Amino acid sequence: MSQTACTVSPPTGLAWAHPLVQEWFVNKFGTPTEPQEQGWPHILSDKTTLICAPTGSGKTLAAFLACIDRLVRKALAGELEDKTEVLYVSPLKALGNDIQKNLDSPLGEILQLAQQRGYMMPLIRTAVRTGDTLMRDRLAMQKRPPHILVTTPESLYILLTAAKSREILRTVKTVIVDEIHAIADDKRGSHLSLSLERLDALTGNRSTRIGLSATQKPIELIAHFLAGNGRPEPAIVQISQRRHLDLAIEVPASELGPVASNEMWEEIYKRIADLVLANRSTLIFVNTRRLAERLGHHLAAILGQDAVASHHGSLSRARRLSVEGKLKSGEIRALVATASLELGIDIGTIDLVCQIGSPRSIAVALQRIGRAGHWRGAVPKGRLFATTRDELIECAALVRAINRLELDRIMIPECSLDI
């Protein structure tokens, strides 16, 4: 079959990519974003790279596109084997599932484009391995390893401990660690560091590590955590966190006290309902499962049972996935959630994020507010609801810190002998 050359001229910073990948990218996105332009040269030189950029700036694709390009070239040359070359590690199960969906779509589109251009190209396959993965899918993965494997730190550890699953990882060349700030400051991060070292020992080579985060400070400390001890310091791509936010604090009409009264909660329910009706889709974060259920119940009484849903860790996997799908597809107007809901790049059209009470962290606040307007050029809109005097002070300090571009300082555990 004849091969027709792609006619789309590559944008600045994308000349390294195969013409098929160039054409797909231009048709899909037009031009690269800043973290992509600055990150690709380091990634292409196989240098461990940390990309710190605001939510919605395209840093995930910055990490994946070079890997996709490498796999596309192998596929076109008939050299693509059933081996796992790219490992994506996310601390969040929901984000892992999301990444697979958002990988399958571009890979399918590139395959379709290849067929239109007369190229013979096999499918580049992805798979997710988490605690929710069904046994039949785990066995299928062992028989025919995916080219890109999406997993969590805990599942990576399990994969490294069993002989059959360990063989899947022997051919990994690139490791992408997303939301690196979410694990660097506790023992979970120490555990992942150990797993990454075990992975290098298994492959016999130093895999290229790519770290991604929107909120991290000090960035040099996070970069060292990504690279590991005794290794060259990685390249750091830091894009300014200055992204315009529509951020405000909501205070009920009743006087704030040490605890919130029933009358005050009724005012809060009414105000949230008004905000929900004024937007296409609203995400409401709370700090406890009990509050998630209570707030969801009261909002449903005002807005209707089909307009509101709740999401927390006690729900079954099927229920969580159903609720996430309804939010993304626009079937519900509002979702009340705890930290168990951490959606990835396929966030849907979230116009507004409400936070009930203080999130207790600048990074958490930025991550949650960043779920709104999660597309290029959009303005994230967030509302912080203070229910007590103490929370009002915390929320005021939080808004001031965000306006000053300040971040929480991460403290990484040292010498975690128990790990």
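User: Why is Arg360 called exposed?

Analyst: The relative accessible area of Arg360 is 62%. Exposed means over 50%, buried under 20%, and partly exposed in between, with a 1.4 Å probe and protein chains only; therefore Arg360 counts as exposed. The model is predicted: local features need pLDDT of at least 70, side-chain atom pairs count only at pLDDT 80 or more, and totals for chains, interfaces and linings use all residues. Residues are numbered from 1 along each chain as its sequence is written, and side-chain values use heavy atoms, without hydrogens and water.

User: What is the phi of Arg360?

Analyst: Phi of Arg360 is near 70°, a positive value in a residue other than glycine. Most residues other than glycine have a negative phi. Leu405, also not a glycine, has a positive phi of about 60°.

User: How are the lining residues of the second largest pocket divided by class?

Analyst: The lining has 11 nonpolar residues (Ala, Val, Leu, Ile, Met, Phe, Trp, Tyr, Cys and Pro), 4 charged (Asp, Glu, Lys and Arg) and 7 polar (the others, Gly among them).
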